[in-house]
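Here is a protein to get to know. Have a look at it first, and then we'll walk through it piece by piece.

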Amino acid sequence: MRLVSIGNCFPGMVVGKPIYTELGSVLIASGVTLTVAMINRLQQRNVSVLYIHDDLTDDLEIEDSVPIELRAEANIRIKETFDELLKGNRRDGRRIKHFNIERIQSVLDSLLKEVQRTKNVSRLLSDVYIHDDYTYTHCTNVTIYTLAMAMELKMTRKEITMVGMGAMLHDIGKIHIPKEILNKNGQLTSEEFDQIKKHPEFGWEILRNEPSVHTISANCAYQHHEKLDGTGYPRGLKGNEISPFARHLAVADVFDALTSNRSYRNAMLPHDAMEILYAGTHSQFDPYYLKAFQKAVATYPVGVTVTLSTGETAVVTEYKFNVPDRPTVRVIKDPYGNKLNKPYEIALSNQLNITITGCEAIL
Ligand SMILES: [Fe+2]
């Protein structure tokens, strides 16, 4: 089984793992043979990648990462909370009603359980398959990364809950930003960007008055765009003025933003995104949390199809956390796209002249 992008799916391929809608129902079951109509339907539903059976890789053990059903449920609960808060909070800060924290608390607990489970097998997918609205998917992804980092750092249960809740709600202030600006195709004007920059403060205003939300979680919303050198927003805080929880969250937030397709730019390869993060060590990101991220999140999990600098197509067979951009891969197609009769493996950690130039999980 391997993960392929929808653009590389052809009629006759057999689905390896079920595909779910954002609401958690099965769109296509595993074992189904794809038809042109199905592929079109998947494309219409924004499915970007799926697992297919493939005789060259069917021996690969692909451990389940955080299940899609649970990701879908997290998206729904986050959306409900955002909607509820939009109804219950006016922009002038006047509150009509508080929100139901149990709704997201229970989904946070389930995500934590899954992350604890998958932590042992050291893998997390770096993308979700179906999403209609990037805001909620982004919050779910950031929460999963944040929890994985927290496990790596051996944080206490109380700290994990605070930073996890902060991650789920970090962009809540966007409910007061016009949708036309949030979903705009193309570059934002400086006036529009000034509007976007208000969301951390709006988030803080909403959350600090919620009795069920810890101030530390509210602070995550307030400070997640601050940078160590003081060039962030909204207050231009520096170094230790920024809460450690917000510094933790900032790494997960930027990684997910860089590796996701947005209306105005294509997703970056995970290792390129990591390089951008490392380039910002000390000026933007706290190296302590960057290291934790790198140790906790497998950027090229087993089963992901990649393109090599040689033009060949390969599938990741072994991931190494100490050299995250250099997994071991099995070459299955030559540079012309012809399937190999005898696939062979390359340990990219030993073959430094060959690099990964494409990854189907983020197309
Ligand atoms: Fe944000």
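## Thr140 and its neighbours

Leaving aside residues within four places in sequence, Thr140 is in contact with Arg71, Ala74, Asn75 and Ile78; contact here means heavy atoms within 4.5 Å. Thr140 itself sits in helix H4. Helices are DSSP runs of H or I with at least four residues, strands are DSSP runs of E with at least two, and both are numbered from the N terminus. With a relative accessibility of 1%, Thr140 counts as buried. That word means under 20% relative accessible area, while exposed means over 50% and partly exposed covers what is in between, using a 1.4 Å probe and protein chains only.

A quick word on ground rules: this is a predicted model, where local features need pLDDT of at least 70 and side-chain atom pairs count only at pLDDT 80 or more, while totals for chains, interfaces and linings use all residues. Residues are numbered from 1 along each chain as its sequence is written, and side-chain values use heavy atoms, with hydrogens and water left out.

## The chain as a whole

The protein chain has twelve helices and nine strands. Of its 363 residues, 54% count as buried. Take the contacts in the chain with a separation of 6 or more: 64% of them involve residues 24 or more positions apart.

The accessible surface comes to about 15,800 Å², and 50% of that belongs to carbon and sulfur atoms. Areas like this come from the Shrake-Rupley method with a 1.4 Å probe, and for residues only the protein chains shown count as cover.

## The iron site

Which residues hold the iron ion? The protein donors are Asp171 (OD), His199 (NE2), His224 (NE2) and His225 (NE2), at 2.2 to 2.3 Å from the ion. Donors are N, O and S atoms within 2.8 Å of the metal (3.2 Å for Na, K and Ca), and since water is not among the atoms, sites may look incomplete. The angles among the four donor atoms run from 83 to 172°, and the site is irregular.

Along the sequence, the donor residues follow the spacing D-x27-H-x24-H-H. Asp171 is buried, at a relative accessible area of 2%.

## Nonpolar cores

Nonpolar side chains tend to be buried together in soluble globular proteins. A nonpolar core, as used here, is a set of buried Ala, Val, Leu, Ile, Met, Phe, Trp, Tyr and Cys residues joined through side-chain atoms within 4.5 Å. The largest one has 58 residues, and Phe82, Leu111, Met168, Leu169, Leu207, Val251 and Phe293 touch the most other members. Helix H4 (residues 134-152) gives the largest share of this core, nine residues. Apart from this core lies another of 27 residues, among them Val49, Val315, Ile346 and Cys359.

As for cysteines, Cys9 is buried at 5% relative accessibility, and Cys359 is buried at 3%. The disulfide count is zero, taking a disulfide as a pair of cysteine sulfur atoms within 2.5 Å.

## Loops with something to notice

Lys197 is in the loop between helix H7 (190-196) and helix H8 (199-208), and is partly exposed at 30% relative accessibility. Not counting residues up to four places away in sequence, Lys197 touches Tyr233 and Pro234. Those two are joined by a cis peptide bond, with omega about 5°, and Pro234 belongs to the loop between H9 and H10.

Two residues other than glycine have a positive phi: Lys154, near 55°, and His282, at about 75°. Lys154 is in the loop between H4 and H5 and is exposed, with a relative accessible area of 71%. His282 lies in the loop between helix H11 (270-279) and helix H12 (287-296), and is exposed at 60%.

Notes: Four donors count as tetrahedral if all angles lie between 85 and 135 degrees; four count as square planar and six as octahedral if opposite donors are over 155 degrees apart and all others between 65 and 115; anything else is irregular.
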